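Biologist: Please show me the model, and let us then discuss it in turn.

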Amino acid sequence: MKTLKLLFLTLTLGTTSLSTQATEPTTITAPKQVSGFYQHQVGDLQITALLDGTNFMSPSLFKGIPQQQVHEILKKYYADQEKGIQTSVNAFLVNTGTSLVLVDSGAASCFGSHLGSVLTNLKASGYQPEQVDTILLTHLHPDHVCGISKDGKANFPNATVYVSSDEAGYWLDPKQAAKLPKEKQAGYEGTVKHIKQAIAPYQDKQRFKTYKLGDDIQGFKVINTAGHTPGHFSYELKSKGENVVFIGDIVHSHTVQFDKPETAIEYDIDPKKAVQTRLKQFANFAKNGKTIAAPHLPFPGIGHIYSQDGKSYQWMPIHFKD
Ligand SMILES: [Zn+2]
C-alpha cells in the first residue's frame with residue numbers, strides 16, 4: 001500500500017496569540033476507493049461495468065510506430081511513463097430484462113493480486129453470481145476467462161459460457177503448440193493451462209459452448225474481430241434504436257492507439273490483422289455513433305469514438321451520472 005508522509009502543522013491556541021507548531025511526521029494511508037462498479041443505461045438495457053483491477057503496461061509493448069512517437073503521445077496525454085501506462089481491466093454485466101449476461105470475466109488470480117475484483121464488484125452492484133445465465137467471452141486470454149472459475153469450481157454455477165469456435169479451436173487443439181515458432185511455445189502452453197482450468201467446471205456440465213459467425217446469443221449479434229487472437233469476437237446489442245458494442249481487445253490504449261490506430265501491441269497474435277480490424281471497426285463505430293464498452297479503456301470503459309479526419313480518433317468517455 002502506498003503511503004504519503006506528511007508533516008502535520010497543528011494550530012495551538014494560546015491565551016493571547018495563535019501559533020503554529022510542527023509535530024512528529026504522520027503517515028497517511030491512501031484510502032481504498034468505493035466499489036468498482038458503474039451502471040449505465042442504453043435503451044432498455046442496464047449495463048454494469050465491473051472493475052477487475054489496474055495494470056501498468058510498459059510503453060515498449062507498442063509496435064509499428066517509432067518508440068519516440070509513443071513517448072510523445074503518452075506525454076501529450078499526461079500518462080505516467082515511469083510507472084507504466086495505467087490500464088484498466090473491465091468486465092460488463094448486461095441485464096437485458098430477460099437474461100443476465102456477463103461479457104468477459106477479468107483475470108481472477110491468473111495475473112496476481114492487483115487484479116481479480118470482478119466477483120466482489122458484481123456482488124457490490126446488487127447482483128449474485130447465481131443469477132448470471134450467460135457468459136460471453138470475447139477471447140480466451142487469461143484476463144478475460146480466468147474470472148469464470150476459482151479452484152476448479154464455477155463462479156457462475158448457472159451460466160453457460162460461449163466463445164467462438166475459431167478461438168476454442170486455436171487454444172484447445174493439442175496440435176497447435178507445434179505449429180508455433182519455438183520462442184512462442186512456452187507462453188502459449190502457459191496460457192492454455194489457465195484456459196483449461198477456467199473452463200473445466202463448465203465443460204463438465206456441458207455448459208461450455210462455441211458459436212460461429214451469423215449466430216445470435218441472447219439477442220447479442222457476434223462480430224468477427226480477429227487479429228488480437230485468431231477467434232476474437234465482439235458482441236453487439238440493440239435496444240430502442242441504440243446500439244452498444246462490447247468490443248473486447250481490439251484496442252488497449254485510449255492514447256497511443258486512438259492517436260495512431262495503426263499501432264499494434266505485443267499481445268496481438270496477428271498484429272497486422274489486429275490493426276486492420278481496429279481501423280475498420282473504429283471507422284464504423286465513429287460513423288454510426290455506437291456506444292462502446294471496452295475491457296481495457298479507462299474504467300468504466302464505456303463511451304463513444306470520434307474522428308474528425310477519419311485517420312486519428314478520440315475516446316469520448318460517458319459522464320458520471322448519479
Ligand atoms: Zn485483455
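This is a predicted model: local features need pLDDT of at least 70, side-chain atom pairs count only at pLDDT 80 or more; totals for chains, interfaces and linings use all residues.

Modeller: Residues are numbered from 1 along each chain as its sequence is written, and side-chain values use heavy atoms, with hydrogens and water left out.

Biologist: Which residues coordinate the zinc ion?

Modeller: Donors are N, O and S atoms within 2.8 Å of the metal (3.2 Å for Na, K and Ca); water is not among the atoms, so sites may look incomplete. At 2.1 to 2.2 Å, the zinc ion is coordinated by Asp 143 (OD), His 144 (NE2), Asp 249 (OD) and His 296 (NE2).

Biologist: Are Asp 143 and His 296 buried or exposed?

Modeller: Buried means under 20% relative accessible area, exposed over 50%, and partly exposed in between (1.4 Å probe, protein chains only). By that criterion, both Asp 143 and His 296 are buried.

Biologist: What is the distance between the closest N and O atoms of Lys 63 and Glu 266?

Modeller: A salt bridge is a side-chain nitrogen of Lys or Arg within 4 Å of a carboxyl oxygen of Asp or Glu. Lys 63 and Glu 266 form such a bridge, with the closest N and O atoms separated by 3.5 Å.

Biologist: What is the relative accessible area of Lys 179, which meets Asp 173 in a salt bridge?

Modeller: The side chains of Lys 179 and Asp 173 meet at 3.7 Å, N to O. Lys 179 is exposed because its relative accessible area is 57%.
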